[in-house]
Amino acid sequence: MTAAANRGISRFIHRAMFSAPGDEDRPSRNLLQRAFESLEHRRAVRIARRLRKHLRPGDTVLDLGCGSLRVAAEIEKKVPVRAVGLETMVHRRSAIPLVLFAGGQAPFKDRSFDCVLIGFVLHHCLDGGIEVLREARRLAREKILLLEDRYDNAFERVITRLADRTLNWMENPDTPTPCRFRSSEQWQALFRRLELRLVATETMRTTPVLETRQLLFVLKP
């Protein structure tokens, strides 16, 4: 079966499980969908709460690989920043400005933003996010806030991959999940390779019902 056929089947099952017949936006959509949206909202609030100390009023923030834009919306509630989303597909749940691009170089000049946020994006990239990090380095004037999963043994790697594929399928079945995760040491080696200075590392837990190993890396371009 082709990859396109697999995606089509996945979308069909997703609609059957999460959408009310004839209208996905009606209040009658099923309980599972409402529960997942509540979980996604709580996750966005948790992330924004952790990131606010790294941002200043008036900062310009590029949410690179922004997804639904819920995280950017919650950040703007907590800190008066100006956020813009950058994505390769439309899955927005916020009125924050969204710029679509096909990958490669983003349509912004060098050092266009005070901060570039990359939230759990790199493990979705076939190259493990190397080109995305290079682009973030080009666009960031002051810092890059990188959120990523990590594993430190084979069992954690399996659990992380399973959780990632399940949650991404529930949110948007079109999201690629090649699971290019790295260990803590591998992340740091990548930063050195790309000449990004690691300023701080913080552990965090973004999803209250799942115990996953997640990190916030604060990087200087």
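The accessible surface of the chain comes to about 11,400 Å², and carbon and sulfur atoms account for 53% of that area; accessible areas were computed by the Shrake-Rupley method with a 1.4 Å probe, and for residues only the protein chains shown count as cover. The model is predicted, so that local features require pLDDT of at least 70 and side-chain atom pairs count only at pLDDT 80 or more, while totals for chains, interfaces and linings use all residues. Residues are numbered from 1 along each chain as its sequence is written, and side-chain values use heavy atoms, with hydrogens and water left out.

The chain contains six helices and eight strands, where helices (H or I, at least four residues) and strands (E, at least two) are DSSP runs numbered from the N terminus. Read from the N terminus, the order of elements is α-α-β-α-β-β-β-α-β-α-β-α-β-β. Of the 221 residues, 49% count as buried; buried denotes under 20% relative accessible area, exposed over 50%, and partly exposed the range in between (1.4 Å probe, protein chains only). Contacts, defined by heavy atoms within 4.5 Å, were also examined by sequence separation. Among those between residues at least 6 apart in sequence, 65% join residues at least 24 apart.

Helix H6 spans residues 184-193, and its buried residues are Ser184, Trp187, Leu190 and Phe191. Viewed down the axis of H6, these buried residues fall within an arc of 125° and so line one face of the helix; the arc is that of the directions from the helix axis to the C-beta atoms. On the face of H6 turned away from the buried side lie the exposed residues Glu185, Arg192 and Arg193. Glutamate 195 follows H6 and has a positive phi, near 60°.

Arginine 70 belongs to helix H3 (residues 70-78). With a relative accessible area of 18%, arginine 70 is classed as buried. When residues up to four places away in sequence are not counted, arginine 70 touches Glu37, Glu40, Ala44 and Arg93.

Cysteine 66 is buried at 8% relative accessibility, and cysteine 125 is likewise buried, with a relative accessible area of 15%. The structure holds zero disulfides, a disulfide being a pair of cysteine sulfur atoms within 2.5 Å.
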